[in-house]
Amino acid sequence: MSSEEDNLSALRENIERKGTNSYYYAHGKKIDGPQWDGKEEPRLLSVNEGPIIPKINYVEFASFSWLDETKSVKIFVDFENALDIPDSDISLAVEDCKFEFKVSKNGRTFALIIDPLHGTVATASFRKKADKFTIILKKDDDSSWHQLKRSS
């Protein structure tokens, strides 16, 4: 045996000699973490600043349904006393394939956000009825939408 092999432990020597067929193969992984400094108190190993996740400050609507028409898609959102909500408390935003509808009532914001939509949208509008909102999304083309949200 060479001097390098003399320095290996019996476990390492067995793994070196027999490879994956070694009885000790599962124990062969070397841990490359920091060495213990002998102190019991924890120490900071690293600081990693991850992406900032915006705080979600809205409640999703309990339910909605939708209808695909030739030139538009209609979304029906159940909301009690929808007629009593002033237009200033309603926001509707559409970008190509993203749609946001938000309603503020009594200090709470309710939202329906669909990203990405199945297709692109040219314009959007909404109507209020006694117990629901109807959102009309005008499609860029006359294609049929089998789903409201595009599959990833």
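Ring pairs tie F61, F79, F101, F110, F126 and F133 into a cluster. Rings of Phe, Tyr and Trp (its six-membered ring) pair if their centres lie within 6.5 Å, with planes under 30 degrees apart called stacked, over 60 edge-to-face and the rest tilted. This is a predicted model, where local features need pLDDT of at least 70 and side-chain atom pairs count only at pLDDT 80 or more, while totals for chains, interfaces and linings use all residues. Residues are numbered from 1 along each chain as its sequence is written, and side-chain values use heavy atoms, leaving out hydrogens and water.

By the ring rule there are 7 aromatic pairs.

| Pair | Centre to centre | Angle between planes | Type |
|---|---|---|---|
| F61 and F79 | 5.8 Å | 80° | edge-to-face |
| F79 and F133 | 5.5 Å | 45° | tilted |

F79 sits in the loop between β3 and β4, and F133 is in strand β8 (residues 132-139), 54 residues away. Both F79 and F133 are buried (under 20% relative accessible area with a 1.4 Å probe, protein chains only; exposed is over 50%, partly exposed in between). F61 is buried too.

Helices (H or I, at least four residues) and strands (E, at least two) are DSSP runs, numbered from the N terminus. The C-alpha trace spans about 90 × 45 × 25 Å along its principal axes. Buried residues make up 20% of the 152 in the chain.
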